[in-house]
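Colleague: Please take one part of this model and go through it closely. I would like one connected account.

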Amino acid sequence: MAQQYDTIGKDILNEHINEIAQFVLNVSDVEVIADLDTEQQVVRAFRTDITKRIRFKTHEAVLHIELQLHDSTEKPMWARNAHYHGYLIGEHQVPVYSNVIYFHPDAGKNDPGYYAYSWNGYDYRLIYKVIRLIGIEGQAILETQTPGLLPFTPLMKPPDNMTPEQWVGQCIDATVGTSVDPATKGSLLYGLSLFGSLVHDTSLFEQIPEALMRESPFEQRRREKFMAQGIAQGIAQGITQGITQGAKEATLKNLLTVLNAKFHVEAVRAIVPALENIDNLERLGQLHLTAVNAENLEAFTEILFK
């Protein structure tokens, strides 16, 4: 499940990366000029979430954004960022501006946003920006109508005295009213529902118009995946049923062979319908053993109709 949040979060932010860069850096003159190859940025199975080459009026730099649903558990965030910065600075030899965005309201409270030490002439300092969505005034984001941030507004701080139901409704209305193409709007609403459900009751998002949601490539992929899983399950079920049916037919055939060999064929024919109505494979197997050991057909039929 966490992978779904991570994937969709990165897709949305990458789609609106210029807006996101301006937001996290708090400047308006930044320009995203290139994606950076994250496949090479692997250190002990860690990989950066969003890494872009950016340009200001005065210099170029690397924009690095990590997305965190909850607190980092395997390794402190400052240690992970030390890995990333070491690689990024060595590889690109430009300033690296790093940001960590925490989604859940309880996450990031203890992230200091820095790591530093100094001893005997050695000095090291790493500073990165900690962005906790719950610390952002959500109303201001709704008023700016910044598309790339709208899916995350349910996780932001609502206006005072506003209930969760009212806040979610306002976030949905603002996203529905934003001026973007239908596919983009569908993706924003899909993301809003996904991330908002981290802290709000999922029923609150049922008011999102289904027709708009269907326009989202995320929703289309989800439906395609669901259909594919259904088809696969149907095939597997069909194969299982086919194998079971084949085994029952074979067991019944062997049973009738034994009965016809030991007893009068006409008498056996009278109980064939009863045998064919038995769906339990184990039951047919037991009757097959009974037929082998039965001294007469009456003894067998007694067990059959018992």
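Through how many residues does a hairpin join β4 to β5? Please describe the surroundings of β4 as well.

Modeller: This is a predicted model, in which local features need pLDDT of at least 70 and side-chain atom pairs count only at pLDDT 80 or more, while totals for chains, interfaces and linings use all residues. Residues are numbered from 1 along each chain as its sequence is written, and side-chain values use heavy atoms, without hydrogens and water.

The hairpin between β4 and β5 has 4 residues. Strands here are DSSP runs of E, at least two residues, and helices runs of H or I, at least four, numbered from the N terminus. β4 covers residues 50–55 and belongs to an open, mixed sheet of 5 strands in the order β1-β4-β5-β6-β9.

On one side, β4 runs antiparallel to β1, joined by 4 bridges; pairing takes at least two DSSP bridges. E31 stands opposite R55 in β4, and D35 stands opposite K52. β4 is also antiparallel to β5, through 6 bridges, with I50 opposite I65 in β5.

Two helices cover this region. Helix α2 (17–25) packs on the sheet, touching β4 among other strands (contact: heavy atoms within 4.5 Å). The direction of α2 makes about 90° with that of β5 (lines fitted to C-alpha atoms, for helices over the stretch in contact; N-to-C angles from 0 to 180 degrees). Helix α3 (77–92) lies across β4, β5 and β6, at about 155° to β5.

β4 is mostly covered: 5 of its 6 residues are buried, that is, under 20% relative accessible area with a 1.4 Å probe, protein chains only.

Definitions and conventions
Buried < 20%, exposed > 50% of the residue type's maximum accessible area, 1.4 Å probe, protein only.
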